[in-house]
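Subject: Structure handover

Hello,

Here is the structure for your files.

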Amino acid sequence: MIQAFSDWLVNTWLSHLFADNIWTIAVVQTIHILCVAIVMISVAVFNMRILGLAGRNQSVSALAQQYMPWIWRALIILVITGIFLIIAEPARELMNVTFRVKMLLLLSVVLITHYYVKKLRSDAHFWDVEGRHHSLGVTLASISMIFWVGIVVCGRLIAYVGGIYV
């Protein structure tokens, strides 16, 4: 099914428009990479605070107010630029195992980030309190950091790992 969709998409006028114009891909990739940097820096600061490694002079809630808008906005732009990149080269992306792993990791970290925010909405000090929530915070922050690095690695590997054909 994904192969059929990829075959259809590569033959659309939009795919040809993107794939045939080298500047379009270069600009979209540049925006995509800049947004990856914004997300990585914001997530690192936020997770390092939860891990107790940095920013102890600010509450997690204050950091969330400062960095979550950057994370969510950059993620929206990443989705849009990612869709452009898929349209330009659907088989390279959709049929690539590292792309699929990247999407699973991305879904996981988006859910973790949403969970952070959800808990902060119900209790602004949920992640600040040492004790019963601390081990959960450390676990989620550690997983988040590892998964974000995995997303970046998978993003780079897409160019080097061949597609899967079922």
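Relative accessible area is sorted into buried (under 20%), exposed (over 50%) and partly exposed (in between), using a 1.4 Å probe and protein chains only. The model is predicted, so local features need pLDDT of at least 70 and side-chain atom pairs count only at pLDDT 80 or more, while totals for chains, interfaces and linings use all residues. Residues are numbered from 1 along each chain as its sequence is written, and side-chain values use heavy atoms, with hydrogens and water left out.

Ring pairs

There are three aromatic pairs (rings of Phe, Tyr and Trp, the last by its six-membered ring, with centres within 6.5 Å; planes under 30 degrees apart are stacked, over 60 edge-to-face, the rest tilted). One of them joins Phe18 and Phe84: the ring centres are 4.9 Å apart and the planes at 85 degrees, so the pair is edge-to-face. Because Phe18 sits in helix H2 (residues 13-20) and Phe84 in helix H4, the pair ties together parts that are 66 residues apart in sequence. Helices are DSSP runs (H or I, at least four residues), numbered from the N terminus. Phe18 is buried at 9% relative accessible area, whereas Phe84 is partly exposed at 32%.

Ser15

Ser15 is also in helix H2 and is buried, with a relative accessible area of 1%. Its side chain reaches the backbone oxygen of Ile87 at 2.7 Å. Leaving out residues up to four places away in sequence, Ser15 touches Leu9, Val10, Ile87, Ala88 and Pro90 (contact means heavy atoms within 4.5 Å).

Pocket and cavity

Both come from a 1 Å grid over the protein atoms alone: a cavity is a set of points where a 1.4 Å probe fits but cannot get out, a pocket is an open set with protein on both sides within 12 Å along at least five of seven lines, and lining residues have an atom within 4 Å of a point. Volume is the space filled by probe spheres set on the points, which are joined across faces, edges and corners.

The largest pocket holds about 740 Å³. Its lining has 30 residues, and His32, Val36, Leu85, Lys102 and Gly155 lie nearest the centre. H4 gives the most to this lining, with 10 residues.

There is one cavity of 30 Å³ or more, and the largest cavity has a volume of about 40 Å³. Residues lining the largest cavity include Phe46, Asn47, Tyr116 and Trp148. H3 supplies the largest share of that lining, three residues.

Regards

Conventions:
Helix = DSSP H or I, 4+ residues; strand = E, 2+ residues; numbered from the N terminus. Polar contact = N/O pair within 3.5 Å; in protein donor to acceptor, adjacent residues only side chain to side chain.
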